[in-house]
Every structure is written in C-alpha cells, then in structure tokens.
Amino acid sequence: MALPSSDLGDGTYRNPVLDADWSDPDLLRVGDDYYLTASSFGRVPGLPLLHSRDLVNWTLVGHALQLLEPAKEFRRPRHDCGVWAPSLRHHDDRFWIFWGDPDQGIFQVNAPEIRGPWTRPHLVKQGKGLIDACPLWDEESGEAYLVHAWAKSRSGVKNRLTGHRMRPDGTGLLDEGKVIVDADRLPGWFTLEGPKLYRHDGWFWIFAPAGGVETGWQGAFRSRDFFGPYEERVVLEQGGTEVNGPHQGAWVRTQHGEDWFAHFQQRGPYGRVVHLQPMRWGHGGTSRSSEAETGGGWPVLGDEGAPVAVHKKPDLPPQPPSAPATDDDFPGGRFGRQWQWTANPQDGWATQHSADGLRLTCVRTVDAHDLRKLPNVLTQRLPGIAATVEVELSLNSEDLGARAGLAVLGDAFSWIGLQRGEGGSVQLVHRFAESVADREREGAHPVEAPGGRVRLWIEIGAGARCRFFYDVGAGRQPSGQVFAATPWRWVGALLGLFALAPVGGGHAGAASFTQFRITATP
C-alpha cells in the first residue's frame, strides 16, 4: 500500500507528484520507461531508483548504492553528508549515476539494468567541496564531459560551475578543469549549483538552479562550445504562486516528443518534494546579462515561467494510480525498499524468521540518550500530507533500560515506545529532545504496559505538527505535547523504528514491529 497518487483520475495531475523528500531529483527516459533518482545523503541503501510510465505515477524499484564509501566514514550517522545531487544517465547500454560527496569527491556507479547489479562506487575526481556532478556523452563529437558545482563549506568556493573533458568510460577526467560559468560575474546571481548537462539543437545546455534552496530560481545556460562562453536565462521562478524556490531538477523528452521538467520545492520539515512542469521551446525566460545572444529557442517551463499546481498529464498511455510504498507487514522479517538505515548497517540488526513482523535487535550503545547518534535507526520519509502513522510493538528483552519505539527523527526528535524498567516491568515511555539538547528527556509520565505490547500512533497534522497516541489494552490514549517535526540542514524529517540497550555483556534481546501503516487523513 502507499499514500495517494498525484493522478487526479480525470486526465490531470496535481503537484507535487512526489510528496515527500525525494531531494534533488534527476530524470531519465529509456524507451517507454522513466527513471528518477535523488539525493540520499547519509542513509543506506542510497541512490533510490524510481520508475514510471507516465511521469505522474511512480514506484520505488530499488537502490543503486548498498553501502556508503569509504565504509568506515559512515559507520556513524552523518545525516547531511554522503550522496549529494546525483545525475542519472544511460550510455553504451548501461545506466550511470554520478554524484558528489562534499568530503570525498565525485563518484560514479553503473549497471546493465536499472535493478542492477550496480558496480561499487568509483572515485572519478578526489577533492573537498566537489558536488552536483553531471556527465555528458556527446553523440555528435564522440567526446565525453563532466560538469560540477562547489560547496563553500568544504572548499571556500561557490557560485561557479567547473567543466572537464572525461574519459569515455567514465573512470576519470582528462584535464584539470576550467570554470565554465562564474556566476559572481552575473548580476544578482548567487549560490549557482546543481547543474544538469545536455546537448540540444547544436548547443550545450546547462540547467542549473541559483538563489538558495528555499527561495531560488531555475536557470538555463547555453553555449556552442562546452567550455563557453555561456549565456543565461531565468526559466522558472515562484512568481505569484505558493511554490517557493522551484528549482534544481531535470529535463526529459517523451517518446512522443513532449518536454517536461521535474524539480524540487523545499517544504521545511517535509524536505524537498518533487513537482512536474510542462516545458516547451520558445523565447521565454528573462536574461540578467547584457551580453545575451538573441538567436535560437529557450526552454519555457510551467505557465510561462511560473509553476503549475494542476495540469494535463503527459500524452502517455494511462497507468494505474501509484506512489512509492510506505506500508509494511515485514514478511519473514524483511523490510521493504522504502526503509533506510541512518548509517552503514551491520549484520544482525534485523533478523529474518518464518512469520511476519520486523525483528530488530536491541543494539547495545553508549548513545541510548540520543537517537540522532544511532546508526541502527530504520527510517523512511515523512509524508508531505496530513497522515496517521501506526505500528504494533512488542519488547522481548530482559535487560534493564532496553527500549524500542517509533520516532520522528530530525535535528530535534520525539519517540514513543516501550522500555524495560525496574523489577522486570515494561513501561510505555515517551521522550523527546530539542535541537539544542544533547540528550532526550521525558515527554510524558511512564505507563505500565502489561505483556510488553503496545499499539502506537503518530498523527501528523499541518506544518508537520505531530501528536502521539498509544494503547496498552485500555483503549487509545494521547501522550505528551504536540511535537513539531524538524529537518536537518539539508534532509527532511524522518519516521524511524529502533531498538537499543545500554552497554553491557551478552545479547540484549529484540523488539518486534508489525503492521506498519501510513494513512492519509481525510
């Protein structure tokens, strides 16, 4: 099961088409199939792979990255690090994904099919602050190129794009690189990043956002030569709409010749949701350079450069409504593709068995007081709509202080669940930590949980304000105060399941989660 599709069922769709944190999307068509990947930062597995036949109804079909590398760097959570702004391409009968890790450099993986097997990450260019990498294999010349942006936090440089010639096999670069767009020289432009590189109508095109994540705009740059000079246009901005910062995404042309553009919108605790805009070629957009050329066409996105809320669907065969899965019965103890760990996983965190239900080991840790430091939290994206999250939990541990629960996790967090107390009792507990706090504290008074079982709910309302509920056998009861979900710097808030125990010797037991559901609130 999944949350509602953005397909309205009458030949139109509403934005966002992916109403959760599918950050920095890139889009690709191969034959009649469309594929999308997104930033996964420090979560594992990484590089999600989504599939559609109509650009509106999407399913999650896998991940291209099973471990973050260097593996030792991601044994602990690094929530805003890891995979930034990947680019998805198809060349030489293989799928390719390039991305920048701001602390390591530019990596790529490739595979013969979208479902793999994917190669291990290969470091194409080492260096600090290298982000948002995108390759191009130019069919006209046979040359291969790569463009990337810069993270000032690591390199001291930003607002410029660097271009390279690349080995045709994608394993390395052939030069030291050249700044091909310096937005410091463009009046009013700042934080230029996220480039996507294309060849069209005799031009090299770079679609790149600027102006910042929450309030920026989408730019388009073109040149007859890859290394420039480039002229620019602003091709999508908020205008009079409610869609702030509509930028950073990808252009795709359908098999019937229609053009479409997918981009994100930063929505606070929900992260970066994905919108789909119609696109055509004309003379739209605005130039902020006095030297811009006048010839040729420019992309016109949305409604004459402003985002659309509802629009006619692409002219593609009708598809059944679908959205990435959220619900899970955990058959045989296995969890669905929608789940990701907060760091590289270790064997034994989740164990398989013959029945349904997720069995998480109570991992011993010195960080039991702070879920943000735990690598063994199993997470999925917070839905971008009002919804109710529900799961049943049982705690099967005799260790004092062992606990398990359902969490809303971000720069601040709150969770509700079970803990083994003094005298062998099991209690329903509710705890939280503010962004500035270094440890959790009580969110409500503990309640006895006979049999060590509980049904848990989180109601997510407007603005991602969350209310917690439980049932230990006497009916559904509220717990604690409202909690406002809080994102990290670049990552939206997450839903999480966890089990842990204080440091000690021996196996600490396990917790079982069953019937996980997310239901849209009418």
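Which side chain does a polar contact of 2.9 Å join to that of lysine 125? Select lysine 125 and histidine 164 to see: their side chains are the two joined at 2.9 Å. Keep in mind as you look around that this is a predicted model.

**Stop one: lysine 125**

Stay here for a moment. Lysine 125 sits in strand S9, which covers residues 122–126. Is lysine 125 buried or exposed? Lysine 125 is buried, yet has no salt bridge. Show glutamate 176 too: this is the nearest side chain of opposite charge, and it is 7.2 Å away, while a salt bridge needs a distance within 4 Å.

**Stop two: the four-strand sheet**

Next, colour strands S10, S11, S12 and S13. They make an open sheet in that order, with antiparallel pairing. S10 (130–137) and S13 (178–182) are at the edges with a single partner strand each, so one side of each has no neighbour in the sheet. Going from one strand to the next, the twist averages 25°. Zoom in on S12 (residues 160–166) and S13: four bridges join this antiparallel pair. For one of the partners, pick glycine 163 and look across to lysine 178 in S13.

**Stop three: a hairpin**

Now select S6 (residues 84–91) and S7 (residues 94–101), which pair in the antiparallel sense over six bridges. Find serine 87 and you'll see phenylalanine 98 of S7 standing opposite. Together S6 and S7 form a hairpin with two residues between them, and aspartate 92 in the turn has a positive phi of about 55°. How many of the eight residues of S6 are buried? Six are, which leaves S6 mostly covered.

**Last stop: arginine 272**

Finish with arginine 272, found in strand S20 (residues 272–282). Arginine 272 is buried, with a relative accessible area of 6%. Show aspartate 24 as well: the two side chains make a polar contact of 2.6 Å. Other residues touched by arginine 272 include Ala20, Trp22, Val213, Phe264 and Trp490.

How values were computed
Residues are numbered from 1 along each chain as its sequence is written. This is a predicted model: local features need pLDDT of at least 70, side-chain atom pairs count only at pLDDT 80 or more; totals for chains, interfaces and linings use all residues. Side-chain values use heavy atoms; hydrogens and water are left out. Buried means under 20% relative accessible area, exposed over 50%, partly exposed in between (1.4 Å probe, protein chains only). Lys and Arg count as positive and Asp and Glu as negative; His and the chain ends are not counted. A polar contact is a pair of N or O atoms within 3.5 Å; within protein, one must be able to donate a hydrogen and the other to accept it, and residues adjacent in sequence count only if both atoms are side-chain atoms. Two strands pair if DSSP finds at least two bridges between them. Axes are lines fitted to C-alpha atoms, for helices over the stretch in contact, and angles run from 0 to 180 degrees between N-to-C directions. Contact means heavy atoms within 4.5 Å. Lists of a residue's contacts leave out its neighbours within four places in sequence.
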